[in-house]
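Take the points in order and find each residue as you go.

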Amino acid sequence: MTRIAVIGAAGRMGKVLVQAVHEASGVELGAALVSPTSTLLGADAGELAGIGKVGVNLKGSLADAANDFDVLIDFTNPELTLANMAECERLGKQIVIGTTGLNVQQQATLHDYAGRMPVVFAPNMSVGVNLLLDILHRAASVLQEGYDVEIIETHHRHKVDAPSGTAIRLGEVVADAMGRDLKQCAVYGREGIIGPRSDQEIGFETVRAGDVVRDHTVLFATEGERIEITHKASSRMTFAKGAVRACAWLSGKANGVYDMQDVLALKG
């Protein structure tokens with residue numbers, strides 16, 4: 001039985017993760033963590049998540065919960081995620097990371113840690129989105145000649161990074177299938193008199209509004225037709241279930257960085 005720790009258990013995503021772990025088979029909630037200065041310390045994580053008592057009280061640090069979990073789910077922020085990786089390495093734990101917005105240096109640090117511990121790192125834990133990535137690579141391979149590509153993503157007004165990690169990953173998949181370098185061909189938003197788009201560019205448009213969970217669309221357009229591949233998430237539960245699935249899969253794996261394509265056996 002894999003024992004899971006959820007960090008940020010008092011937040012929007014944390015509460016959903018607690019519920020997802022509680023409802024899943026083959027895993028159990030071992031620990032729930034909040035800030036060491038939180039007034040909620042000691043509260044039952046299940047009651048806070050609205051599912052009733054689960055017998056796991058909120059703690060303020062991974063060290064306090066060291067004997068209670070095997071793998072940590074982290075959907076926090078880049079700085080805290082890297083600190084949590086260091087602590088998991090020290091404690092001999094595994095980690096599943098859904099944090100987005102890591103810069104190049106932070107990603108390099110993450111991979112350095114992963115040389116000494118098994119890690120699942122994915123900008124989107126949704127099973128549907130990861131199946132979409134597989135479909136998208138095939139579509140982009142076929143549509144690479146004569147089709148313009150635009151990626152449109154919408155999130156709630158509280159999201160702090162843009163474009164989303166998922167949107168960037170969609171762009172990477174398209175660029176790879178088309179033999180392009182996303183760093184060279186990506187265009188993030190347009191303003192003013194910019195002239196006609198180039199044949200090679202992959203455009204990104206970002207929308208932040210209301211309580212939208214996550215919408216992503218990849219548009220392929222040419223003379224006479226448009227093809228749109230879209231994923232819409234109406235609940236954070238889809239990401240939570242994927243993260244829990246990743247925790248169960250990660251047990252016993254060798255050191256290294258894995259993604260949801262590995263978890264779902266979508267890689268050839």
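1. Start in the sheet, where Val 120 stands opposite Tyr 258 in β12. β6 and β12 run parallel and are joined by 3 bridges; two strands count as paired if DSSP finds at least two bridges between them. The names come from DSSP runs numbered from the N terminus, with helices being H or I runs of at least four residues and strands being E runs of at least two.

2. Before going on, some housekeeping: this is a predicted model, where local features need pLDDT of at least 70 and side-chain atom pairs count only at pLDDT 80 or more, while totals for chains, interfaces and linings use all residues. Residues are numbered from 1 along each chain as its sequence is written, and side-chain values use heavy atoms, with hydrogens and water left out.

3. Stay with β6, residues 118-121. Buried here means under 20% relative accessible area, exposed means over 50%, and partly exposed is in between (1.4 Å probe, protein chains only).

4. Now look at the other neighbour of this strand. β5 (residues 94-97) pairs with β6 in the parallel sense over 3 bridges, and Ile 97 has Phe 121 as its bridge partner in β6. To get from β5 to β6 the chain passes through α4, making a right-handed β-α-β crossover. Right-handed means that, with the strands pointing away from you, the path from the first strand over the helix to the second runs clockwise.

5. Zoom out to the whole sheet. It is open and parallel, with 7 strands in the order β3-β2-β1-β4-β5-β6-β12. Its edges are β3 (58-59) and β12, each of which pairs on one side only.

6. β1 is worth a visit too: 5 of its 6 residues are buried. It pairs in the parallel sense with β2 over 6 bridges, and Arg 3 has Glu 28 as its bridge partner in β2. β1, α1 and β2 together make a right-handed β-α-β unit. On to β4: 3 bridges join β1 to this strand in a parallel run, with Ala 5 opposite Leu 72 and Val 6 partnered with Ile 73.

7. Which residues touch the most other members of the largest nonpolar core? They are Ile 4, Val 6, Leu 17, Ile 73, Val 96, Val 120 and Met 125, out of 38 residues in that core. Two or more residues each come from β1 (2-7), α1, β2 (27-33), α2 (45-49), β4 (71-74), α8 (237-250) and α9. The largest share, 8 residues, is from α8. A nonpolar core is a set of buried Ala, Val, Leu, Ile, Met, Phe, Trp, Tyr and Cys residues joined through side-chain atoms within 4.5 Å. In soluble globular proteins, nonpolar side chains tend to be buried together.

8. Next, the largest pocket, with about 870 Å³ of space. Among its 36 lining residues, Gln 107, Phe 121, Ile 168, Arg 169 and Glu 172 are the closest to its centre. α6 gives the most to this lining, with 5 residues, and the lining divides into 17 nonpolar, 12 polar and 7 charged residues. For the sorting, Ala, Val, Leu, Ile, Met, Phe, Trp, Tyr, Cys and Pro are nonpolar, Asp, Glu, Lys and Arg are charged, and the others, Gly among them, are polar. A pocket is an open set of points on a 1 Å grid over the protein atoms alone, with protein on both sides within 12 Å along at least five of seven lines, and lining residues have an atom within 4 Å of a point. Grid points are joined across faces, edges and corners, and the volume is the space filled by probe spheres set on them.

9. The second largest pocket holds about 650 Å³ of space. It has 24 lining residues, and Arg 12, Met 13, Phe 75, Thr 76 and Arg 214 lie nearest its centre. α1 gives the most to this lining, with 4 residues.

10. Last, two backbone details to check. Ala 162 and Pro 163 are joined by a cis peptide bond, with omega about -10°, and Pro 163 sits in the loop between β7 (148-155) and α6. Ala 265, in the segment after α9, has a positive phi of about 55° although it is not a glycine. Ala 265 is exposed, at a relative accessible area of 65%.

Methods:
1 Å grid on protein atoms, 1.4 Å probe; cavity = no way out; pocket = protein on both sides within 12 Å on 5 of 7 lines; lining within 4 Å.
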